[in-house]
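Reader: Hi! I'd like a guided tour of this model. To begin with, what do you mean by two residues touching?

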Amino acid sequence: MVRVSRGEVWADDAGGDGLPLVLLHPGVGDSAVWDPVLPALTAGRRVIRYDVRGYGRSPAPTAEYAPVRDLEEVLDHFAVERAVLVGSSMGGATSVDFALEAPERVAGLALLVPGVSGYEGLATGEFFERLEPLARAGDMEGIVRLGLRAWARAGGGTPESDPVAAALCRAVLPAWFSNIGHQLTGPPAFDRLGEIAAPTLLALGELDRPEVVRCNEEMAARIPGCRLVRLSASDHYPTLREPEHVARLIEELYAEAA
């Protein structure tokens, strides 16, 4: 457990030498989402991953916190001055925020189906329209089914056809609710993407929600020199759908950054 401001998070350092890779998970899964790519990434590299407050093995927040501050404190705990950040969805948004705030500490960015603050339209569509009524009714399994239809099309979109994604989604539901009123959002980053100086890769899932695909295309167009990769078999869970391809892309970005 790593102490952070007014709380703690679970983190793991695989050890090793050289420039570290730091993995930041999405909101639709905890750090276990990296399991399919971890063996490839840890081969000869130092890899650090952690669970956001309330997710996985990290306790639920009891006070307001900023994800970018927690990332900073995890890096400080492991004495990491500079790293390659690999952020998926929510973790991508935190990675972008940190790259804008502390560019000297970011050697490279690998963004997988990333979110970004300040982009209009990400919180629209059937999922967000139907989430609140299901939450009020306490229908957690209904939320899982709704989430899979939105985020996990490549796996068939049901718990029966996609048990791994269903388990990831089911496990993070407590975190969604425990973070309400606690997780702070930073200043809008979308209009500042042109300031990012680190080598950047952005991989979008062609089977992801259309709103996310459009956002990712616009992000890649705004980040100087960004390499845009379209994952034809991926939705919002690229590490589950195309682990070998995703691992190779991260390795290529790492080689460029190092």
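Author: Contact means heavy atoms within 4.5 Å. This is a predicted model, in which local features need pLDDT of at least 70 and side-chain atom pairs pLDDT of 80 or more, while totals for chains, interfaces and linings use all residues. Residues are numbered from 1 along each chain as its sequence is written, and side-chain values use heavy atoms, leaving out hydrogens and water.

Reader: Great. Let's start with H182 then. What does H182 touch?

Author: Setting aside residues up to four places away in sequence, H182 touches P61, T62, A63, E64 and Y65.

Reader: How many residues apart in sequence are H182 and E64?

Author: They are 118 residues apart in sequence, yet their C-alpha atoms are 4.1 Å apart in space.

Reader: And where is H182 found?

Author: H182 sits in the loop that joins helix 6 to strand 8 (200-205). Helices (H or I, at least four residues) and strands (E, at least two) are DSSP runs, numbered from the N terminus.

Reader: Nice. Next, D35. Where is D35 found?

Author: D35 belongs to the loop between strand 4 and helix 1 (38-42). At a relative accessible area of 41%, D35 is also partly exposed.

Reader: How far apart in space are D35 and S234?

Author: From C-alpha to C-alpha, D35 and S234 are 16 Å apart, with 199 residues apart in sequence.

Reader: Let's change topic. Which residues of helix 2 are buried?

Author: The buried ones in helix 2 are P67, V68, D70, L71, V74 and L75. They sit on the same side of helix 2, because they cover an arc of only 160 degrees around the axis. That arc is taken over the directions from the helix axis to the C-beta atoms.

Reader: What follows helix 2?

Author: A79 follows helix 2, and the phi of A79 is positive, near 55 degrees. A79 is not a glycine. Most residues other than glycine have a negative phi.

Reader: Where does A79 lie, and is A79 buried or exposed?

Author: A79 lies in the loop between helix 2 and strand 6 (83-88). A79 counts as exposed because its relative accessibility is 62%.

Reader: Last topic, the inside. How many residues does the largest nonpolar core have?

Author: The largest nonpolar core has 88 residues, and L85, V96, V116, W176, M219 and Y237 are those with the most contacts inside it. Helix 6 (residues 163-178) gives the largest share of this core, with eight residues. A nonpolar core here is a set of buried Ala, Val, Leu, Ile, Met, Phe, Trp, Tyr and Cys residues joined through side-chain atoms within 4.5 Å.

Reader: And M219, what does M219 touch?

Author: Not counting residues up to four places away in sequence, M219 touches V96, L111, P114, G115, V116, F190, L193 and L202. Two names there, V96 and V116, are also among the core residues with the most contacts.

Note on methods:
Buried < 20%, exposed > 50% of the residue type's maximum accessible area, 1.4 Å probe, protein only.
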